[in-house]
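Let us read a protein model together, one feature at a time. Keep the picture open as we go.

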Amino acid sequence: MTTPLQARPVPDIVTALPGPKARAHIEFDHAWTSPSLPRAYPIVPARGLGCRIEDIDGNVFLDFAAGIAVNSTGHSHPAVVAAIQAQAAELQHFSASDFYLPIYATAAAELARIAPMRGKSRVFIGNSGAEAVEAGLKLARYHTKRQNVIAFLGAFHGRTMGAVSLTASKAKYHAHFGPMLPGVYHVPYGMAGLDEIENRVFKRLMPADEFAAIIVEPIQGEGGYVVPEPEFLPRLRELCDRHGILLIADEVQSGAGRTGKMWAIQHWDVEPDILLTAKGIGSGMPVGAMIARDEVMTWGPGAHGSTYGGNPVALAALLETIKLLEGGLIANAGVRGREIMDGLKPLVDRFPGLVRDVRGKGLMIGIEFDSGETAEAVQMQAFDRGLLVLEAGDDCVRMSPPLVVSESEAATAVRLFAESVEAVAVNRRHAAAEVAEEVAEGLAAPGVEAAG
Ligand SMILES: Cc1ncc(COP(=O)(O)O)c(C=O)c1O
């Protein structure tokens with residue numbers, strides 16, 4: 001009989017990594033799955049609980065990646081499991097676009113209640129982050145009757161055609177897919193970008209009154225967990241107001257309590273016109289939503305919809321997730337985030353030149369290294385020690401653990417991460433060789449590859 005996961009120590013690595021079953025599975029996977037998938041390292045999960053993940057060889061990992069910032073309430077939170085099971089036994093699908101699905105309106109009302117906008121909002125529910133981005137983009141064009149959009153360099157908004165046109169974190173996302181959506185202008189993230197919008201874009205390229213929206217991640221995710229200057233978001237809001245441009249906050253990664261507030265934009269007291277959420281809001285069930293001010297949601301029947309969007313089982317998880325977030329997990333994200341940050345900050349002085357920065361808010365923490373190779377080597381060393389983290393940007397590693405993370409799990413992660421950095425610092429050639437070996441065996445992708 002397998003030992004219950006809560007009875008196992010964490011981490012508990014019992015085979016060489018990857019283990020024999022994982023190796024066999026990876027070979028099987030490579031035979032059948034799309035080669036476009038950018039696997040960071042060879043973890044093959046079998047079950048999870050809270051911040052623990054057990055792989056198919058019985059190794060237990062401490063999960064500080066959370067399926068790319070998705071498992072907000074931890075793996076298989078009992079209350080979320082119960083809500084999913086109860087809903088699945090009652091009703092599994094009934095297209096909410098075409099009929100009146102009670103849980104859809106309930107979820108919309110809940111999302112509107114927790115939205116960071118004063119006044120009434122309305123909600124469109126889809127299945128993913130990219131779908132929320134597409135909905136926001138379409139609504140902005142529809143409402144303003146303007147075509148152009150500004151997005152930021154380093155941004156990640158998804159991989160569907162509209163969303164990938166807004167994405168500007170890695171050029172490879174655009175390779176061979178062109179032409180991209182026309183009318184998308186990219187500027188640097190932060191105050192330098194504001195200057196560029198006014199003095200380059202509006203002055204030389206396209207007048208301000210031709211722009212429907214500016215889409216921004218309040219804290220950049222895939223771009224490297226970048227926290228902007230304090231005045232950036234308030235000034236961006238002001239710029240949008242001055243020109244009648246809608247401000248879209250993409251909180252797919254930064255939202256759902258991860259930063260210690262329900263929405264990251266609330267750290268700056270800024271209200272968007274449209275807010276996008278997915279990932280953590282459904283605890284891992286496929287759900288995303290576009291929340292917009294009532295006066296902006298001016299489209300009529302047939303303008304937008306989705307067969308599965310607002311699936312009742314996913315929405316049962318979403319409603320339970322919101323309860324758990326408000327019931328203590330957002331507060332926990334703030335407390336644990338400060339502990340982890342305090343534990344990691346000394347690495348900058350301990351490994352001068354190698355660790356360049358430790359930044360973030362709450363449980364959205366980025367560690368910047370001197371190069372992508374170092375970030376990748378640290379990620380692999382952490383994996384070997386049973387700690388799951390994920391690369392981001394050009395040269396960062398991100399920590400985005402479930403919001404249920406405990407004090408002792410936080411301390412373990414800090415210890416294992418410091419050991420991983422030390423291992424790379426002491427023997428950089430060996431650490432790089434280990435990564436190269438994994439790449440050569442097809443167990444990991446080369447370079448900072450993690451997407452999302
Ligand atoms: C900020 C942001 N927006 C949008 C997306 C796209 O979400 P999805 O992968 O669910 O389509 C992501 C995914 O990582 C994201 O981080």
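Q: Which residues come nearest to the ligand?
A: First, a caution: this is a predicted model. Now look around the ligand. Of the 16 residues around it, Gly129, Ala130, Gly158, Val252 and Gly452 come nearest.

Q: Which helix gives the most to the shell around the ligand?
A: Helix H5, residues 129-144, gives the most, with three residues.

Q: How many residues of each class does that shell around the ligand have?
A: Sort the shell by class. Six residues are nonpolar, seven are polar and three are charged.

Q: Let us turn to the sheet. What is the order of strands in the open sheet of four strands?
A: Read the strands from one side to the other. The order is E1-E2-E3-E13, and the pairing is mixed. Strand E1 (45-49) and strand E13 (387-388) are the edge strands, as each pairs on one side only.

Q: In which sense do strand E2 and strand E3 pair, parallel or antiparallel?
A: Strand E2 (residues 52-55) and strand E3 (residues 60-63) pair in the antiparallel sense, over three bridges. Take Glu54 as an example: its bridge partner in E3 is Val60.

Q: Now the core. Which residues touch the most other members of the largest nonpolar core?
A: Start with the general idea. In soluble globular proteins, nonpolar side chains tend to be buried together. Here the largest nonpolar core has 136 residues. Ala213, Ile214, Ile248, Ile274, Met290, Leu387 and Ala413 touch the most other members. Helix H9 (residues 312-344) supplies the largest share of this core, 14 residues.

Q: Why does this core lie between domain 1 and domain 2?
A: It lies between them because both domain 1 (5-76 + 328-440) and domain 2 (93-310) give residues to it.

Q: Which residues does Ala213 touch, leaving out those up to four places away in sequence?
A: Ala213 touches Ala140, Val149, Ile245, Leu246 and Ile248.

Q: Next, the two domains. How many residues of domain 1 are in contact with domain 2?
A: 27 residues of domain 1 are in contact with 21 residues of domain 2. The centres of the two domains, taken over C-alpha atoms, are 28 Å apart.

Q: Which element gives the largest share of the side of domain 1 that touches domain 2?
A: H9 does, with five residues. Among the elements that give two or more residues to this side are helix H2 (66-69) and strand E11 (355-361). By class, this side of domain 1 has 11 nonpolar, 11 polar and five charged residues.

Methods:
Residues are numbered from 1 along each chain as its sequence is written. This is a predicted model: local features need pLDDT of at least 70, side-chain atom pairs count only at pLDDT 80 or more; totals for chains, interfaces and linings use all residues. A residue is near a molecule or strand if its C-beta atom, placed from the backbone, lies within 6 Å of it. Ala, Val, Leu, Ile, Met, Phe, Trp, Tyr, Cys and Pro count as nonpolar, Asp, Glu, Lys and Arg as charged, and the others, Gly among them, as polar. Two strands pair if DSSP finds at least two bridges between them. A nonpolar core is a set of buried Ala, Val, Leu, Ile, Met, Phe, Trp, Tyr and Cys residues joined through C-beta atoms within 7 Å. A residue is buried if 20 or more other C-beta atoms lie within 10 Å of its own, exposed if 12 or fewer, and partly exposed in between; C-beta atoms are placed from the backbone. Domain bounds come from an automatic or database domain assignment. Two residues are in contact if their C-beta atoms, placed from the backbone, lie within 7 Å.
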